[in-house]
Amino acid sequence: MSRLFRNSMVAILAVGVTALAGCGAGGSTDQNAGAGEGDGPQKGGTVHMLQNTDFSYLDPARGWDGGVNAFYRLMYRGLTMQTSGDAEDPNAIVADLATGLGEPSEDGLTWTYTLKDDIFFDNGDPITSAEVKFGISRAWDPQIGIGSPYLKNVIDAPEGYEGPYVTGDLPTIETPDEKTIVFHLKQPYPEFDNVLSQANAVPFPEGSGAGDEFIKDVIASGPYTLDSYTPGSSIKLVRNEFWEPESDDVRKAYPDAWDFEIGIDPATIDERMIAGQGSDQNAIASKISSATLARIQTPELQERAITAPAYCTTYMGLNTTKEPFDDVLVRQAVNYAIDRASVQNASGGTQLADIATTIVPPAVTGHKQFDLYPSEGNAGDPEKAKELLAEAGHEDGVSFTLDIRTNPVAQAQAEAVQESLAKADIDVKLNVIDASIFYETIATPSQQHDAAITGWCPDWASSASTFIPPLFDGRNITDRGNQNLAQFDDDAVNTRIDEIMAMGATPESADAWGELDEQIMESAPIAPLALENGIFVPGENIAGYYPSTSMTDLTIVGLKDPSKG
Amino acid sequence: MTSVSPDLAAASAHGDDSSLAGDQSSPRAATRFLRAFVTDVPAMLSALYILLMLLAAIFAPLIVKLSGWGPYEFDQTAIDPNLGALPRGDFGGMSGEHWFGVEPGNGRDIFARIVYGARVSLTVALSATVLTTVLGVVIGMLAGYFGGKVDAIISRAMEFLMAFPALIFMIAILSALPADNRVVLLIVVISIFGWPYLARIVRSQTLSLKEREFVEAARASGATHAQIIFREILPNLQSTIIVMAALAVPGYVGTEAGLSFLGVGVVPPTPSWGQMIASAAPYYAVDPMYFIIPGLFLFLLVMSFTTLGDRLRAIANAGEVRG
């Protein structure tokens, strides 16, 4: 599966409301700080998680989306990882199996890591550099390595290398001794620590996991290991006895077991979370739907509710290669005319959505707040839009076709866009595409129409390097699996992307991404619409819960009173 | 889909013996039929509601001008952005401004959308009825009258279509075809699967009618096939066709609403009752009026057509027995 699919999965998760999710590092200033009054999580008990869809794969080399990444944290350890969900900067990358972050060589092409002591698999075998190397090299297997593409894109594997089972040893990862591992890159990649925090960069015993071996059972390196797995209905995790808490700075692993209840209707999940009966008081779930919002306004439920900021931007891509959006004035006119307040209401109102005027959302490092196309109350400025259209020679208005997917929220957003653009004599024709083929269709330039409403989530939030380049680097436009929906190709922007990528995830690069965001929005290749927050209602007995719309840190969640439920 | 009971088929075929006498019985029968109809309370109430909906559909733009809100107009002041964009006020935001309240999320006027939704429901249901009736009568008569190979081919085609899982196939066709003009597509698709039900009954009645003495007489006096079909057989099928058509409409109203509910109906933002019910479903607990109003209108329309068809059948039967 391609990267497009992976990202689409994330987009479906976060933008498409359904979602397993319940995922991600919180860390917003406005949230009710995890659990209630003082009594933090205690050791023991079973935490339940209610979700609609199954996790994509147990094998981290295959799965790659917000929901499953959160799950992998419980079972697997990598050299580096995203830090604890309650940290001041939950986007930061810290060392996990390694004693510290990587040490790059002078030329940035060689990265060296040293392993900690007391790290074991769930069968008691120690984890050495050879196992880390073996696990990572699985990413090149043509059948298994369908997860995160970053390892393959960044590490300098020999031409035609196809993983440990087909080709064998990967010479560009060296293991001089049991504790040291050295990576050779294709070209300097300052954010290599982020690459190794991806779910597929985890150790496995040498020779294990060939073919479908890890489809139903796996070898864990984290605090939990698989107890039972019934695809589409339940996953149960129990403690990995060989995991040493002292060797892990982030994972707390309070509960003795995890019980994932899968295949429950979203409306039923909301009902059960509100009722909170029996074991449901020990449960967490995905974000609530907008119809449920009115029911959690009681003081008791308000105390439980936690708002998590959006990591994804919902936007309308404007195809810059086609009439009428080949004219920057028309694109700007659309940006002026959109009534973002009504799009916000269509997305569930002020509690469930914020108004987006930038490409990078505030939760992602590299965000800069600006609004190049302001209007009073964000209600759109059709007059200004008409002026711009007249200037562009479209006195009688323009019309275009907007691709949307069969999803209630996406349709409501599209109708809000349609209605607000009509006031500026812009006629929008909605083209509803089945959700299962929507992302594939709009990512194929020969099939996409003039515009499409979709969303984008970063692969890591510690920098905008997985936000702006995939969407706006003109050199990334492809015939299939194209993420640059606007087909925006600007030499100045391309050059600037290279310059900022070379800086790595530094404070300077964060500022630079923000500046570039504004620079791109001047050409208006997209119209940012909304930032869809998540509201989560955990069970009464849950503590240490910092939900996120990107990836919830499940490893710090626990029960206030493990004897309950 | 409804099928006509054998007793009706028998009764109408039966009654037609009397019309052998000639033309002068027809106007008298019509008057008697009409008199029975206007004194029948359920039939009149149903007809009244249908008429009301028809007028609403035809004059939708005028009615909406009166009520003040168009079907696509957003009213951001009628919804509460801080509360999941639910309507402000009780009963889904019902007020002098918005008679039936507003939709959550965008504040569109439900009254206007009901009125415009009636257009879709009635256009699709009535057009499909006309189309299936024409197809059913023509094809059924052809099969019944000519018999032999023609009958064999047509009968097999009808059996083929009736054995099809129609709803599943309709969903498949509608989601595969481009959504340019869904109303026309809906009519065509519903008609393709609808006509055999009427055609079968028309065929069987034609089969028995063509053996009757008055047909024999017409044939003996040198009438052409066309003359026999249109002057002798068709008039005797009248009551069957009327009753069958009236009973088919509620089925098509329901099918259209069902297809819209499943997301293969008219393209948003065009309102349709089925679509409104679908989008109201998640709000059943917090905004029940949003669900109840389109549901009630759909229920009443289907019930009215069903009652009307049923009463028509009863009146026709009674009249024929007496005649």
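What follows is a chat about a predicted model with chains A and B.

Me: Let's start with chain B, what is its secondary structure made of?
Reply: In this predicted model, the secondary structure of chain B comes to twelve helices and two strands, and along the sequence these elements follow the pattern α-α-α-α-β-β-α-α-α-α-α-α-α-α.

Me: And how many of its residues count as buried?
Reply: Chain B has 323 residues, of which 43% count as buried. As for its contacts, if one takes those between residues at least 6 apart in sequence, 73% of them join residues at least 24 apart.

Me: Helix packing next. At what angle do H5 and H8 of chain B pack?
Reply: Helix H5 of chain B, residues 110–146, packs on helix H8 of chain B, residues 182–209, at an angle of about 35°, and their axes are 5 Å apart. The crossing of H5(B) with H8(B) is right-handed, and the residues in this contact are 19 nonpolar, eleven polar and two charged.

Me: What about H10 and H11 in chain B, where do they meet?
Reply: On the H10(B) side the contact is made by B:Glu256, B:Ala257, B:Gly258, B:Leu259, B:Ser260 and B:Phe261, which meet B:Trp273, B:Gly274, B:Gln275, B:Ile277 and B:Ala278 of H11(B). By class, the residues of this contact are six nonpolar, four polar and one charged.

Me: Which loop holds B:Phe91, and what is its phi?
Reply: B:Phe91 is in the loop between strand E2 (86–87) and H5 of chain B, and its phi is positive, about 50°, although it is not a glycine. With 15 other C-beta atoms within 10 Å, B:Phe91 is partly exposed.

Me: Switching to chain A, how is it divided?
Reply: There are domain 1, which takes in 3–258 + 536–559, and domain 2, which covers 313–532. The C-alpha centres of these two domains of chain A lie 31 Å apart.

Me: How many residues of chain A are in contact with chain B?
Reply: On the chain A side there are 29 residues, in contact with 23 residues of chain B. The elements of chain A that give two or more residues to that side are helix H8 (290–293), helix H11 (340–346), helix H13 (408–422) and strand E16 (426–433), and the largest share, seven residues, comes from H13(A). The residues on this side of chain A divide into twelve nonpolar, 13 polar and four charged.

Me: What lies between H13 and E16 of chain A?
Reply: The loop there includes A:Asp425, whose phi is near 60°, a positive value in a residue other than glycine. A:Asp425 counts as partly exposed, with 19 C-beta neighbours inside 10 Å.

Me: Last one, which residues does the cis peptide bond join?
Reply: A cis peptide bond joins A:Glu323 and A:Pro324, with omega about -5°, and A:Pro324 is found in the loop between strand E13 (313–318) and helix H10 (328–337) of chain A.

Conventions: Residues are numbered from 1 along each chain as its sequence is written. Chains are lettered from A and ligands numbered from 1 in the order in which they are written. This is a predicted model: local features need pLDDT of at least 70, side-chain atom pairs count only at pLDDT 80 or more; totals for chains, interfaces and linings use all residues. Domain bounds come from an automatic or database domain assignment. Two residues are in contact if their C-beta atoms, placed from the backbone, lie within 7 Å. Helices (H or I, at least four residues) and strands (E, at least two) are DSSP runs, numbered from the N terminus. Ala, Val, Leu, Ile, Met, Phe, Trp, Tyr, Cys and Pro count as nonpolar, Asp, Glu, Lys and Arg as charged, and the others, Gly among them, as polar. A residue is buried if 20 or more other C-beta atoms lie within 10 Å of its own, exposed if 12 or fewer, and partly exposed in between; C-beta atoms are placed from the backbone. Axes are lines fitted to C-alpha atoms, for helices over the stretch in contact, and angles run from 0 to 180 degrees between N-to-C directions. A crossing is left-handed if the near helix is turned anticlockwise from the far one by less than a right angle, and right-handed if clockwise.
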